[in-house]
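This briefing goes through one structure by topic. Keep the sequence and the 3D view at hand while reading.

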Amino acid sequence: MEVKHAVGPYPSRRANGYIAIIDSVGPPKACPYNCVYCPIKGGGAKTTTTIKRLVSPDRVLRSFEQLMDGIGGGVRAVLVNGMGDPLLNEFFSEIVDSLAKVLKKRKLDAELWIKTSLQTHAVASRRLDLANVDRVYVVFDAGSSEDYATINEPHHGLKLSTLINYLKNLNEGGKIVAELSLVSIGELPLNWSRESLELIAISYRKAGVRKAVVRTIDRPPRLSGVRPAPEAALRRAAESLTEQGIEPLLLLEKPQFHYSEVVVPSTTDLYSLLLRRPMTITELRRSFRIPYSDLWGAIESLMNRGIVEEVVWRGKVFYRGITS
Ligand code: SF4
């Protein structure tokens, strides 16, 4: 099936509203990391730091214009992050510039965000062009090499210290926000023991990070034993960060409200969204506001074709897109 490179509306905790997601990478997934909590199917994908020509700016732009025609202007942000790290695409700057132009042309009051490991540019000491970007979320889940290796399973030879040094020297005008995902293995902390949290906060300070999102997972991860961290761990992380002079943004609640407009997605739209983010039927209903019966019909047809699967996680049924 055809895959769109702009999907939504998607409920975002950090936006406390809906966002559009731009995927300029896959399928297939391509990332310097293989995080234990990654929600994307394709856990066996090889990690990489090689920047190359992936999805073309034209394809991304066409998808984005189509999405905006379909969903109207109710999104609070456009997030460039799909099946991997957007900085792996040689066309990254062109794509971001084009997206910014479309937002301006349509007079849309939505911020432009990216989410990245930053390691592609850190290992190559490559300059990062952020002129048209409002915010950069940097995946930063560990304060020690051991935790880094365990939680992010980085590409061979990648070091946490490289990321810290790159961030320290980056002149980014306050756009960087570290993103800290705390998770458990079974009931045990993976990266939220007291010691891990202290080391994370110290690493953030060394890297010159001023703001950090603190979150845990809310969709099925690639490893079945991975669980969300308890709320107390998130609050403890926020305290450790505050002690180091870093402003924490705690993400606890998910948007429970409906998107501002009725959106009628095609099966391609629905598949393209579920490929990037597994979602429950309730979330889909809130996003599109179409009757449950229409959603069920579309999901069933995708499941019959073997490109969407049902995943039961923590008592909820999620639908996840898979590549054929
Ligand atoms: S969660 Fe993000 S950074 Fe981690 S492996 Fe998945 S796409 Fe890459």
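Here a residue is near a molecule if its C-beta atom, placed from the backbone, lies within 6 Å of it. The model is predicted. On that basis, the ligand is surrounded by Cys31, Tyr33, Asn34, Cys35, Cys38, Ile40, Gly84, Asp85, Ser117 and Val139.

**Ligand shell**
- The shell around the ligand consists of 6 nonpolar, 3 polar and 1 charged residues.
- Three cysteines, Cys31, Cys35 and Cys38, are among the surrounding residues.

**Nonpolar core**
- The largest nonpolar core holds 96 residues, and those with the most contacts inside it are Ile22, Val78, Tyr204, Ala212 and Ala237.
- Strand β6, residues 176–185, contributes the most to this core, with 6 residues.
- Beyond its neighbours within four places in sequence, Ala212 touches Val177, Ala178, Leu180, Tyr204, Leu241, Ile246, Pro248 and Leu249.

- Strand β2 (residues 17–22) is largely enclosed by the rest of the structure, because 5 of its 6 residues are buried.
- On one hand, strand β1 (residues 6–12) runs antiparallel to β2 and is joined to it by 5 bridges, with Val7 opposite Ile21.
- β1 and β2 make a hairpin with 4 residues between them, and Asn16 in the turn has a positive phi of about 45°.
- β2 also runs parallel to strand β3 (residues 77–80), to which 4 bridges join it; Ile19 has Ala77 in β3 as its bridge partner.

- Strand β5 (residues 135–139) is mostly covered, with 4 of its 5 residues buried.
- Strand β4 (residues 111–116) pairs with β5 in the parallel sense over 4 bridges, and Ile114 stands opposite Val136.
- β5 and β6 also run parallel and are joined by 4 bridges; here Val136 has Ile176 in β6 as its bridge partner.

- Three strands form an open antiparallel sheet in the order β11-β13-β12.
- β11 (279–280) and β12 (308–313) are the edge strands; each has a single partner strand, so one side of each has no neighbour in the sheet.
- Helix α8 (residues 267–276) packs on this sheet and touches β11, β12 and β13, its direction making about 105° with that of β13.
- β12 pairs with strand β13 (residues 316–321) in the antiparallel sense over 6 bridges, and Val312 has Val317 in β13 as its bridge partner.

Technical notes: Residues numbered from 1 in each chain as written. Predicted model: local features only at pLDDT ≥ 70, side-chain atom pairs only at ≥ 80, totals over all residues. Core = buried A, V, L, I, M, F, W, Y, C linked by C-beta atoms within 7 Å. Buried ≥ 20, exposed ≤ 12 C-beta atoms within 10 Å, placed from the backbone. Helix = DSSP H or I, 4+ residues; strand = E, 2+ residues; numbered from the N terminus. Contact = placed C-beta atoms within 7 Å. Nonpolar A, V, L, I, M, F, W, Y, C, P; charged D, E, K, R; others polar. Pairing = 2+ DSSP bridges. Axes fitted to C-alpha atoms, helices over the stretch in contact; angles between N-to-C directions.
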